[in-house]
Amino acid sequence: MQPLVTPGSQGEAIGRLVVAGLVVTMLPALPFGAYLIYPFAILTTWFHEMGHGLTAMLLGQHFEQLMIFPNGSGLAESQVSGEASRFTHAAIAAGGPIAPSAVGALLIVASAHPKAWRPVLWLSAAVILGSVLIWVRSLTGLWVLPLVAAILALIAWRASPGFARFSLQFLGVLGAMSMLRDFNYLFTEQGMVDGRPMMSDTGQIEAALGLPHWFWAGLILLLSGVMVGAALKYALAEHRLRPPPRKLPANVLQFRRDPRR
């Protein structure tokens with residue numbers, strides 16, 4: 001039976017990403033699907049909270065610890081200097097909601113390069129384990145994140161190339177779509193973290209820079225959409241998916257290049 005799409009074609013690449021998106025969207029609705037997706041839902045929280053913490057570090061502040069709670073909420077605690085500017089406070093707050101889409105976009109881009117599939121999976125597992133050793137200080141994070149790291153390492157080690165590529169696409173789509181999961185949170189001034197009311201990320205940006213929180217929420221969604229859209233455009237470019245030309249025998253190449261013939 002003839003395949004519906006040509007292997008290695010743009011149609012196949014789009015199909016893989018669509019399947020990854022359907023898995024992310026539909027799995028929680030299936031029997032036991034919520035349990036299967038749970039470790040990766042915690043992973044998106046890790047993306048978010050690491051975004052806050054690493055942004056703080058990049059701006060010269062101190063990333064203290066990362067807490068992830070059973071309901072999927074999380075908290076990154078950073079020690080910020082009293083002399084830090086309001087832009088520093090706003091950037092740290094924005095780093096969280098932007099991080100999942102940024103990581104998702106990078107993983108989608110990596111899925112377009114076969115030589116990067118396994119190294120990126122190994123690197124992802126190592127970074128997750130490193131963060132657990134250095135910053136994670138909650139029971140949920142201490143058992144879920146090593147489990148995710150082990151799954152990624154196993155895929156990098158033993159999975160077929162096709163499944164390794166799909167895993168990167170799955171993680172990329174998961175990160176990209178997390179901005180939709182956080183849609184309501186972005187458009188509120190306060191949220192609940194471990195049952196306690198706290199100012200939302202966009203509420204903190206509003207407090208630091210002015211302008212309403214919904215303006216910053218829209219700007220974050222726009223930036224996330226641009227990053228993910230650019231990654232998809234790059235990964236699905238037809239010239240990049242086209243198989244390399246067949247290498248002809250050396251004597252044929254010499255014949256064609258000989259100007260005397």
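Here is a friendly conversation about a predicted model of a protein chain.

Biologist: How many helices and strands are in the protein chain?

Modeller: Residues are numbered from 1 along each chain as its sequence is written. In this predicted model, local features need pLDDT of at least 70, side-chain atom pairs count only at pLDDT 80 or more, totals for chains, interfaces and linings use all residues, and side-chain values use heavy atoms, with hydrogens and water left out. Helices (H or I, at least four residues) and strands (E, at least two) are DSSP runs, numbered from the N terminus. The protein chain has 11 helices and 4 strands.

Biologist: Where is confidence lowest in the protein chain?

Modeller: Confidence here is pLDDT, the predictor's score for each residue, from 0 to 100. The protein chain averages 85, and 85% of the residues score at least 70. Confidence is highest in H4, at 97, and the lowest mean, 52, belongs to helix H11 (residues 250-257).

Biologist: Is Ser-167 buried or exposed?

Modeller: Ser-167 is found in helix H6. Not counting residues up to four places away in sequence, Ser-167 touches Leu-121 and Ile-155, where contact means heavy atoms within 4.5 Å. Buried means under 20% relative accessible area, exposed over 50%, and partly exposed in between (1.4 Å probe, protein chains only). Because its relative accessibility is 6%, Ser-167 counts as buried.

Biologist: How many Å does helix H9 reach from its first C-alpha to its last?

Modeller: Helix H9 (residues 213-235) has 23 residues. The expected span of a helix is 1.5 Å times one less than its number of residues, and for H9 the expected value is 33 Å. The buried residues of H9 include Trp-216, Ile-220 and Val-228. From first C-alpha to last, H9 reaches 33 Å.

Biologist: What percentage of the residues in the protein chain is buried?

Modeller: The protein chain has 261 residues. It exposes about 14800 Å², by the Shrake-Rupley method with a 1.4 Å probe, where for residues only the protein chains shown count as cover. Carbon and sulfur atoms supply 68% of that area. Buried residues make up 44%.
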